[in-house]
Amino acid sequence: MRACQYCGHANREGFFFCEDCGQPIADAPPEETSTKKIDEVLEQYEWRTSYGTSHFHADSMILLHIHDQPAAISVQPAEQVLIGRTDVDNKVIPDIDLAPYGAVEKGVSRIHAAILRTEEALIIMDKGSANGTHLNGQRLVPQQPRVLRDGDEIRLGRLVARIYFKRKQEAK
């Protein structure tokens with residue numbers, strides 16, 4: 001575990017940015033100054049992208065795994081899924097309520113972001129939140145859509161989660 005010098009959060013090994021506040025971790029490895037020459041034939045390696053697919057099947061579900069939580073939130077997405085925190089006094093009830101996960105303390109707005117479903121993909125959009133939405137470390141411009149990929153990290157204020165696409169198993 002490596003502690004963040006900004007917020008003190010204990011981060012898991014292998015992370016170069018704080019899982020809680022998003023700041024760079026001070027003891028990240030230095031950049032290499034030279035590249036090692038590899039003489040092997042590259043065809044022997046299986047080519048895979050380092051990010052998940054953006055294709056979202058019609059029968060898929062969203063799994064939202066919030067950092068430090070044992071279970072993921074499972075959602076069958078409609079055309080639009082609102083993410084935020086419930087405010088009963090103002091009658092605000094988002095589709096995904098993050099209030100039980102410390103949303104107020106972590107700066108999640110009542111209507112923070114939306115996930116929009118297209119025919120074959122999911123789009124995330126910040127809804128003008130007070131503390132911003134980040135996708136894989138990059139802050140989103142409010143109301144500007146960005147494509148989601150399986151395994152992407154989203155940060156709403158200081159609440160960090162990973163989004164996964166889970167396809168329902170076909171009956172055999």
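Mentor: A pocket here is an open set of grid points where a 1.4 Å probe fits, with protein on both sides within 12 Å along at least five of seven lines, and a lining residue is one with an atom within 4 Å of a point. Please keep in mind throughout that this is a predicted model.

The largest pocket has a volume of about 290 Å³, and its lining consists of Phe 15, Phe 16, Phe 17, Cys 18, Glu 19, Gly 22, Asn 136, Gly 137, Glu 153, Arg 155, Val 160 and Arg 162. Sorted by class, these are five nonpolar, three polar and four charged residues, and at least two residues of the lining come from each of strand S12 (153-156) and strand S13 (159-167). Asn 136 deserves a separate word, for its phi is near 50°, a positive value in a residue other than glycine. Asn 136 lies in the loop between strand S9 (133-135) and strand S10 (138-139), and with a relative accessible area of 43% it is partly exposed.

The second largest pocket has a volume of about 180 Å³, and the residues that line it are Arg 12, Phe 15, Glu 19, His 65, Ile 66, His 67, Asp 68, Glu 153, Val 160, Ala 161, Arg 162 and Tyr 164. Two or more residues of this lining are given by each of the elements S3 and S13, and S13 gives the most, with four residues. By class, the lining of the second largest pocket divides into five nonpolar, two polar and five charged residues. Asp 68 is placed in the loop between strand S3 (60-66) and strand S4 (73-75), and its relative accessibility of 59% is over the 50% cut-off, so Asp 68 counts as exposed.

As for the setting, the protein chain has zero helices and 13 strands, and buried residues make up 36% of its 172 residues. The chain exposes about 11200 Å², of which carbon and sulfur atoms supply 50%. Of the contacts between residues at least 6 apart in sequence, 42% join residues at least 24 apart.

Elsewhere in the chain, five strands form an open sheet of mixed pairing in the order S6-S5-S7-S8-S11. S6 and strand S11 (146-148) stand at its edges with a single partner strand each, so one side of each is left without a neighbour in the sheet. Within this sheet, strand S5 (residues 80-84) has four of its five residues buried, so it is largely enclosed by the rest of the structure. S5 runs antiparallel to strand S7 (residues 111-117), to which five bridges join it, and Val 81 stands opposite Ile 115 in S7. With strand S6 (residues 96-97), S5 pairs in the parallel sense over two bridges. Gly 84 has a bridge partner in each of these neighbours, Asp 97 in S6 and Ile 111 in S7.

Note on methods:
Residues numbered from 1 in each chain as written. Predicted model: local features only at pLDDT ≥ 70, side-chain atom pairs only at ≥ 80, totals over all residues. Heavy atoms only, no water. Buried < 20%, exposed > 50% of the residue type's maximum accessible area, 1.4 Å probe, protein only. Pairing = 2+ DSSP bridges. Contact = heavy atoms within 4.5 Å. Areas by Shrake-Rupley, 256 points an atom, 1.4 Å probe, with all protein chains shown as cover. Points joined across faces, edges and corners; volume = space filled by probe spheres on them. Nonpolar A, V, L, I, M, F, W, Y, C, P; charged D, E, K, R; others polar.
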